[in-house]
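Here are my notes on the model you sent over. I've kept to the ring contacts, with a quick word on the overall fold at the end.

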Amino acid sequence: MTLTLDHPQSLQLRRLLEAGLPLVSRPYAWLAEQVGASEQAVLEQVRQWNEGGLFRRVGLVLKHRALGFRANAMLVLDVPDAQIDAIGHRLGSAPGVNLCYQRPRRLPQWRYNLFCMVHGREREQVEGQIEGLLAAQGLSELPHQLLFSTRAFKQCGGRFAPAAERAHG
């Protein structure tokens, strides 16, 4: 038997999921209580959304600054297009690299196409870590820059409900 949520319950569940799963022992039971449904119905709805492709992934937003990681740097590199996949995979799996992704160059102002995020407690530690990473990977000669964060902006998860529905919610 398939349990389904009615439209208002479904929208409310989507808005709640945007805020992230609550830090309780049974988050889906808590969500069910909030929307006036059974835990089974909430799990079924989430399963249906997942199978329908609504979720690309479920992740965790770690507030690294609160944990003392204040020297955060983005290593940007100008990687030859023919090597971007191989180098990106190597750097993305290297210890200490939290994110690694490709972006298009914006010539002539911005020549960099590979971005790697590294978090650390001290600036010197991060600089040394990145210098060692580049040397170990044989990439020290590639054009690159190290961009340190100067302030933090609000981080949030994905948005599921249309903006108009979130605003009235």
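1. Start with Tyr101: in this predicted model, the residue is partly exposed, at a relative accessible area of 27%. Phe115, by contrast, is buried at 12%, since the cut-off for buried is under 20%.

2. How do the rings of Tyr101 and Phe115 sit, and what are the numbers? Their centres are 5.5 Å apart and the planes are at 0°, so this pair is stacked. Tyr101 belongs to strand β2 (residues 97-102) and Phe115 to strand β3 (residues 114-120), so the pair ties together parts 14 residues apart in sequence.

3. Next, have a look at Trp110 and Tyr112, which make an edge-to-face pair, with 4.9 Å from centre to centre and 70° between the planes. Trp110 is partly exposed at 25% relative accessibility, while Tyr112 is buried at 7%.

4. The charged end of Arg14 sits over the Trp49 ring, 5.7 Å from its centre. Arg123 lies over the face of Phe148, at 3.9 Å from the ring centre.

5. Now the wider view. The chain has 6 helices and 4 strands, running α-α-α-β-α-β-β-α-β-α from the N terminus. Of its 169 residues, 31% are buried. Among contacts with a separation of 6 or more, 64% are between residues 24 or more positions apart. The accessible surface is about 11,200 Å², and carbon and sulfur atoms account for 52% of that.

Methods:
Residues are numbered from 1 along each chain as its sequence is written. This is a predicted model: local features need pLDDT of at least 70, side-chain atom pairs count only at pLDDT 80 or more; totals for chains, interfaces and linings use all residues. Side-chain values use heavy atoms; hydrogens and water are left out. Helices (H or I, at least four residues) and strands (E, at least two) are DSSP runs, numbered from the N terminus. Buried means under 20% relative accessible area, exposed over 50%, partly exposed in between (1.4 Å probe, protein chains only). Contact means heavy atoms within 4.5 Å. Accessible areas come from the Shrake-Rupley method with a 1.4 Å probe; for residues, only the protein chains shown count as cover. Rings of Phe, Tyr and Trp (its six-membered ring) pair if their centres lie within 6.5 Å; planes under 30 degrees apart count as stacked, over 60 as edge-to-face and the rest as tilted. A charge sits over a ring if NZ of Lys or CZ of Arg is within 6 Å of the ring centre and within 35 degrees of the ring normal.
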